[in-house]
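Dear colleague,

My notes on what was found follow directly after it.

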4 protein chains.
Amino acid sequence: MDRFDVSKAGILRELLHDAPLVRLAGAHDALGAKLVEATGFEGVWASSFELSAANCLPDLSLLSMTQYLQAAVAMNDAVSIPVVADCDSGFGGPLNVAHLVRQYERRGVAAVCIEDQVFPKVNSLAAVEHHLLPAEEFAHRIAVGKRVQQTKEFVVIARTEALVAGESVDEALHRARTYVDAGADAVLVHSNAASPAPVLEFAERWQSVVPIVIVPTTYPTLTAAEIQRAGIRMVIYANHGLRAAVRAMADALREMWEAGTSMPIEDRIASVDEIFGLEGMSSWLEIQE
Amino acid sequence: MDRFDVSKAGILRELLHDAPLVRLAGAHDALGAKLVEATGFEGVWASSFELSAANCLPDLSLLSMTQYLQAAVAMNDAVSIPVVADCDSGFGGPLNVAHLVRQYERRGVAAVCIEDQVFPKVNSLAAVEHHLLPAEEFAHRIAVGKRVQQTKEFVVIARTEALVAGESVDEALHRARTYVDAGADAVLVHSNAASPAPVLEFAERWQSVVPIVIVPTTYPTLTAAEIQRAGIRMVIYANHGLRAAVRAMADALREMWEAGTSMPIEDRIASVDEIFGLEGMSSWLEIQE
Amino acid sequence: MDRFDVSKAGILRELLHDAPLVRLAGAHDALGAKLVEATGFEGVWASSFELSAANCLPDLSLLSMTQYLQAAVAMNDAVSIPVVADCDSGFGGPLNVAHLVRQYERRGVAAVCIEDQVFPKVNSLAAVEHHLLPAEEFAHRIAVGKRVQQTKEFVVIARTEALVAGESVDEALHRARTYVDAGADAVLVHSNAASPAPVLEFAERWQSVVPIVIVPTTYPTLTAAEIQRAGIRMVIYANHGLRAAVRAMADALREMWEAGTSMPIEDRIASVDEIFGLEGMSSWLEIQE
Amino acid sequence: MDRFDVSKAGILRELLHDAPLVRLAGAHDALGAKLVEATGFEGVWASSFELSAANCLPDLSLLSMTQYLQAAVAMNDAVSIPVVADCDSGFGGPLNVAHLVRQYERRGVAAVCIEDQVFPKVNSLAAVEHHLLPAEEFAHRIAVGKRVQQTKEFVVIARTEALVAGESVDEALHRARTYVDAGADAVLVHSNAASPAPVLEFAERWQSVVPIVIVPTTYPTLTAAEIQRAGIRMVIYANHGLRAAVRAMADALREMWEAGTSMPIEDRIASVDEIFGLEGMSSWLEIQE
């Protein structure tokens, strides 16, 4: 965390309260984070889905906090916008939450997001049963996390998987309020429904200045303008970068394989010089002049 | 290195001598390696260019052997085809080469490739002067690497940057022969020319059973059929996956940003279920039944 | 895992069945493992207690599998005797156990030891309540781990904390048998009692060829000869190296601080040349001749 | 780097200029750093000698910056005193120095120390020839490092190995002055002589407010009082903790092996409760109350 990093958490906090809508996009490495920043997004979502996929392991709490933290730090080093780290269900119990808050805050990551699934978790979009912690138990973890935080700027987002687990909007609201009472700085209400209706109902009934966050992976028809009108303060496009990359890589590899040359794809892949530009090759070489 | 891994080096060795042409594609993480394997390529090139880019750092020997090794191991875990690790100029002097051979071999990576640029190196495609080690000095490093190898299968590829550094084909041939005399199992002759002429001349004048390897990034007009006819045994499409990914990610992010929704890109990105498929989500979930 | 590493698991398996008594000592880094080997011990215990302490974090499942695995691999690289990795309660649920078995086996570690405490665990010697998983649930984890194992040599040790949790020897025996039925290759019966009586009773009533392992930290009066006579096959001196090191470091630092020079301790610390000897400095320097 | 970490560099800077003498002791992990702090030392030396030894690898630039940085960060997390990181000869060329300064500063390490040996380096106490970079070339690296520093507090120490390489005090002074002109914040003059005479002569002839640092491993007769009187501002007891630990571990292991029990050593090793105390076990457990 450098001087700018302290203000990264501060910047995120300001955005959450003052911006019309804060938009984040997912990434899993420094290059992806750089592309997110270059596009104009206000923050980077250090995505558990993406990082698991990049490691060719399912998003089932198999990756460790060490791997998540290292990736988040690499992303944070590469950009000047805030990084929000997806920390699954907190990597264990209350003390694991304390440990993660200490580590992420100390490394300059602006925010962490922790969800109320039981550890080990299963990705929210996997077609299996999802198990929730009792609300009070998860609230306790949020409270423990907030208790060990060192700076006032650092942001802890509580994510409820109530809707994903088949619970009602009532239950989601109850849980979200419980987490806010425990100290959560924002609430992410996740849904795997094809319709935005549940999260819109949640937003309408929310009556609190604490910001709401959504991840509209399964209900992409909802636009940023509509999200903003609904009073939701942050939206995360959580995994589209990786999904675009996978399709493009698979296609490019297949065409090269079939053609026996890269000629067919040369005009639709980034040039080597573009990559050098993203890496800052020339500014690095200038340092030593 | 498990039982299968020992045979991975053995498989690579067989391919280099018996296959009409061995084709590799570059990757920098487990997912990329999986896509390379799924396409049909016979091996994965653990690319220094790609890994540097993924870390948003220029390919200037800034990443450490620890980072390269960790990435190569993650790729190797994800696939059943051999991984060839791009080890730049060997991370230092002769003892660093000994250290890397011991580490990569022990972790089950099938082969390492080391080049005769001075450490720290500059990416071969960067428009700067490239400095070569004296041939004898580099040959010594190859000899040291071969000396500490534990299994007979492990493959050490010597890469000459003579053409990249502006030297003649004569010099490239002289260097390659010196490295073979020192024990190299294969020779990668790199070129940044827009024409395949220099590497074709090299191949024509090479009179040895030791396999030649090329990386036709700057001369993509040369086809696999032509490469095979020239007697070259291995071709590496070193960085096209990452370059395809960057273009696709940049485009997808921009369209989402502008549209305020992911709707415009939904039909040309991989679905969440495709990602689960690549990760083996369902077979993982079945393990615990 | 190199060729020798496959046989490391095989060697451990042979020792467990044929040696009068197998003795291990704990370590947390490569140097400690080297000292354990140099002393004559037949194996290294990659100790969770030690590694947590070395990281100045309590042994409460705060360290991740990544950190444990990396340490075990570093130790395994440094010695030719088998390494047995203390894997706490398995880092999560059944799939975490599958993941750890795959990773440790693939990296050449001879054995893993998993205990039936709930994750996150608390060190067995901490004066707090210890929570056990239901026996069937833990047995399922053992079964899952054995199911994904690739080689027949790899060893999975099931550790029961029944006595630590205040349960009876009957319960410990019941649990141990359940774990053996699930596929465990050996059983570690842990006790924090000041008397060896409970583990001796356990051993007397055990009636199975599956080897028993003990860790006599709290009952050091029990000698190797007595352990062997009791039919116990493996004993682990789990953390004495680190505890000796801490006392010696604290004393040495204090004396240097007070004396304003290292003179008072020079004759009772290892010389620089001894350290060079342990590292193999001269054999490394010879490689490049 | 948290708020306190920024002041750690500031605190070190103040100490270097205002304290009668700043005393550091070497460590290689968090626990060692904690013991150094607990003894009263004003800072921790993240020792390359110690870390190499802990990895059972000779101090020959085999470990990577990744490994050094990770260890320094773990030490820094564990203490509230400044950590000074031994960065060998800078891990490569000028850009590697730029990279290390950026990384260490950003992670909250108070200072880095870089020496004028050629990369890869050989430990200063090894009985081999030591090769120096030309003074201007090393000065350029210092200048590059200072150029990329973000905060004014961060400290870059230039270490000259002139005396170790058999050069005169004149040459050492010339080099040190050149490095100060390039921006070094302090100068470490290293010597492997059995007598303190060379460094004392250096100190006497140094006529500059820029602090001098020494590492009296080979001339331990020189006391802190004498060092202070000579106008030297910082002294580093670089590796005595590890050397004390090695002797103690070797002795303890041997006695346990021979006695077949830990009884003979129980009264001279730290108790389990002492280890829990160092780790903060009870304060961690209280967090979740």
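At 23% relative accessibility, D:Arg247 falls in the partly exposed class, and its salt-bridge partner, C:Glu274, is likewise counted as partly exposed, at 35%. Please bear in mind throughout that this is a predicted model. The side chains of D:Arg247 and C:Glu274 meet with a distance of 2.7 Å from N to O, and the pair crosses between chains, since D:Arg247 belongs to helix α10 (residues 240-259) of chain D while C:Glu274 belongs to helix α11 (residues 272-279) of chain C.

The relation between these two chains deserves a word of its own. Chain C is superposed on chain D by a rotation of 180°, with 0.0 Å of shift along the axis and an RMSD of 0.0 Å, and the two copies are therefore related as by a two-fold rotation axis. Within chain C, the C-alpha nearest that axis belongs to C:Ala245, at 2.1 Å from it. Both copies use the same surface, in that 100% of the contact residues of chain C recur in chain D.

Which part of chain C does C:Lys146 tie to another by its salt bridge with C:Asp185? The closest N and O atoms of C:Lys146 and C:Asp185 are 2.5 Å apart; C:Lys146 lies in helix α6 (residues 135-148), whereas C:Asp185 sits in the loop between α7 (169-181) and β6 (186-189), so the pair ties together parts that are 39 residues apart in sequence. C:Asp185 has a relative accessibility of 17% and counts as buried, because the cut-off for that class is under 20%.

In chain A, a further salt bridge joins the side chains of A:Glu115 and A:Lys121, at 3.7 Å from N to O. Are these two residues buried or exposed? A:Glu115 is buried, with a relative accessible area of 1%, and A:Lys121 is buried as well, with a value of 2%.

Terms used:
Residues numbered from 1 in each chain as written. Chains lettered and ligands numbered in written order. Predicted model: local features only at pLDDT ≥ 70, side-chain atom pairs only at ≥ 80, totals over all residues. Heavy atoms only, no water. Least-squares fit on C-alpha atoms with pLDDT ≥ 70 in both. Contact = heavy atoms within 4.5 Å. Salt bridge = Lys/Arg side-chain N within 4 Å of Asp/Glu carboxyl O. Buried < 20%, exposed > 50% of the residue type's maximum accessible area, 1.4 Å probe, protein only. Helix = DSSP H or I, 4+ residues; strand = E, 2+ residues; numbered from the N terminus.
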